[in-house]
Amino acid sequence: MVFSSLTFLFVFLTVTLLLYYAAPKKLKNAVILISGLMFYAWGEPIYVFVMILSTAIDYTAGRIIDKNDGKPKVRLVCLLVSIIMNLSLLGIFKYSDFLIASFNSWFGLEITNPFVLLYNKIFGSFVGEIKSLPMPIGISFFTFQSMSYTIDLYRRRIRVQKNAASFMAFVTLFPQIVAGPIVRYEDVQNEIDRRTVTEPMIASGISRFIMGLGKKVLIADNIGMLWTEIKAMEYSQLSAVTAWLGILAFTFQIYFDFSGYSDMAIGLGKMMGFNFPENFNYPYMSRSISEFWRRWHMTLGEWFKGYVYFPLGGSRKGMPRTVINLLIVWTITGIWHGASWNFMLWGAYFGILIVIEKLFLGKWLEKVPKGVSWLYTFVLVVLGWVMFDAVPAGTVQFGEVFKTVFGYIGAMFGANGVFIDNFGLYSLINYGILFAICIFACTDSFKIICGKIKARAPQWVMYGYPVGLTVIMLASVAFITTSSYHPFLYFNF
């Protein structure tokens with residue numbers, strides 16, 4: 001079930017924050033814990049127990065690891081239990097349907113997912129029987145977050161959390177529980193038990209939340225309507241202009257949707273005394289694919305770097321091993337994003353591009369004009385988004401994925417024999433201003449302009465900032481109440 005009611009979300013956030021501020025310090029983590037469980041149960045009332053199970057096992061493993069500091073075998077066993085348990089949850093809920101469906105497709109079988117049978121046996125009489133296993137919202141986020149705790153504890157990089165409620169509060173931090181940023185325990189270990197909420201933090205948090213809300217509601221949701229319409233069309237009939245407008249719409253939609261949610265999460269965190277890590281840094285300004293992935297979903301990149309790439313040896317064991325390590329990491333990155341061949345293709349695509357840049361292309365990109373390296377990066381990223389989202393859900397044959405992806409890319413470059421049609425012209429006129437806003441808003445131009453105004457303009461001019469935030473907030477609320485199109489794209493991961 002995808003969260004569909006932003007109105008309910010606003011009410012929930014308001015009530016939670018009021019309770020949080022009213023609660024004494026000793027009870028603030030309890031408010032976080034209870035509100036986090038309620039927030040998750042709102043979208044997944046059954047699967048909240050999956051999150052509780054994951055949290056309980058990681059907490060217990062952490063306590064045992066801490067108590068057996070001089071027993072390396074015991075510590076290693078506990079670490080493995082935590083990792084295997086979390087990966088098993090991901091495997092069962094996120095990948096089992098896909099693997100069985102692919103196996104059935106390859107061999108012409110009709111095997112039923114045993115976990116679906118088990119689900120129906122336990123919950124069928126309460127919620128109705130299912131044919132495919134529903135995926136817990138944000139399972140990739142909270143399992144990675146919880147798993148990082150036991151890994152860092154095993155490495156002796158953090159202190160053990162002895163209070164079970166405080167540890168669960170860390171995992172169930174509702175602002176970022178379902179779509180990131182991925183907050184490792186190391187990021188908030190000093191704040192989980194001792195934090196101070198100041199007026200400047202609250203003001204900064206409110207500002208960040210409103211900006212994120214505007215990005216998501218006013219930009220992402222509106223530009224996303226165009227992609228939804230074009231994605232439903234027959235790709236073999238698309239004109240080149242229509243195909244480009246469609247995937248560019250998704251290019252901006254996914255950025256403003258995901259970065260907007262991250263901004264809201266970071267803002268809410270500040271309102272509660274937490275400093276969550278940044279997740280985006282103007283990725284569409286990048287001049288190489290490597291740089292793009294240092295700026296996009298930064299917490300995921302840091303997670304894979306710290307827990308997969310470096311343990312594999314990173315770039316310390318020669319170029320051949322570095323290439324293998326990069327390809328492994330990017331294959332896993334693709335798989336992390338979804339149980340479908342198109343995500344694996346997408347991950348392998350970026351892995352190969354980064355390897356090529358590592359081998360020789362990166363040095364050339366540093367020497368060419370900025371416009372050339374930027375265009376190279378942006379076009380390749382856009383082509384990557386075709387692999388990411390142009391394939392219909394449920395496609396289990398790799399040949400069909402390949403055909404669909406290159407059918408759409410072919411349309412972008414005129415393979416259908418039509419440069420522009422009436423729909424493309426209509427969309428260009430109707431969405432032209434919104435595209436211009438997207439281009440401007442995904443760069444640091446606004447930040448630079450505001451900095452110059454703050455440095456040179458009279459003090460009274462700065463009063464326009466809260467007025468602007470108020471306008472964005474009111475416009476967002478108005479759009480929420482008049483539109484039913486509010487998908488959170490990364491809730492599905």
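Author: Let's start with a term: a cavity here is a set of grid points where a 1.4 Å probe fits but cannot get out. Keep in mind that this is a predicted model. The count comes to 2 cavities of 30 Å³ or more, and the largest cavity holds about 80 Å³ of space.

So who sits around that space? The lining of the largest cavity is made up of L9, L13, F39, F174, P175, F209, Y261, M264, A265 and L268. Sort those residues by type and you get 10 nonpolar, no polar and no charged. Two helices, α1 (6–22) and α10, each supply at least two residues of this lining. Of the two, α10 is the one to remember, as the largest share, 4 residues, comes from it.

Now for the open counterpart. The largest pocket has a volume of about 1,400 Å³, and 37 residues line it. If you want to find its centre, look for M211, Y282, F446, K447 and Y465, which lie nearest to it. Helices supplying at least two residues each are α9 (199–231), α10 (240–271), α17 (422–441), α18 (445–456) and α19 (464–482). Here α9 gives the largest share, with 8 residues. Notice that α10 turns up in the lining of the largest cavity as well as in that of the largest pocket.

Next, the packed part. The largest nonpolar core has 142 residues, and Y284, W385 and Y408 have the most contacts inside it. Once again α10 shows up, giving the most to this core with 18 residues. In soluble globular proteins, nonpolar side chains tend to be buried together.

Finally, step back to the whole protein. Its secondary structure comes to 19 helices and 0 strands. The radius of gyration is 23 Å, close to the 23 Å that the globule rule gives for 493 residues, so the protein is as compact as a globular protein of that length. Along its principal axes, the C-alpha trace spans about 70 × 65 × 55 Å. Some 53% of the 493 residues count as buried. Among contacts with a separation of 6 or more, 78% come from residues 24 or more positions apart.

Definitions and conventions
Residues numbered from 1 in each chain as written. Heavy atoms only, no water. 1 Å grid on protein atoms, 1.4 Å probe; cavity = no way out; pocket = protein on both sides within 12 Å on 5 of 7 lines; lining within 4 Å. Points joined across faces, edges and corners; volume = space filled by probe spheres on them. Nonpolar A, V, L, I, M, F, W, Y, C, P; charged D, E, K, R; others polar. Core = buried A, V, L, I, M, F, W, Y, C linked by side-chain atoms within 4.5 Å. Buried < 20%, exposed > 50% of the residue type's maximum accessible area, 1.4 Å probe, protein only. Rg over C-alpha atoms; globule rule 2.2 N^0.38 Å. Contact = heavy atoms within 4.5 Å.
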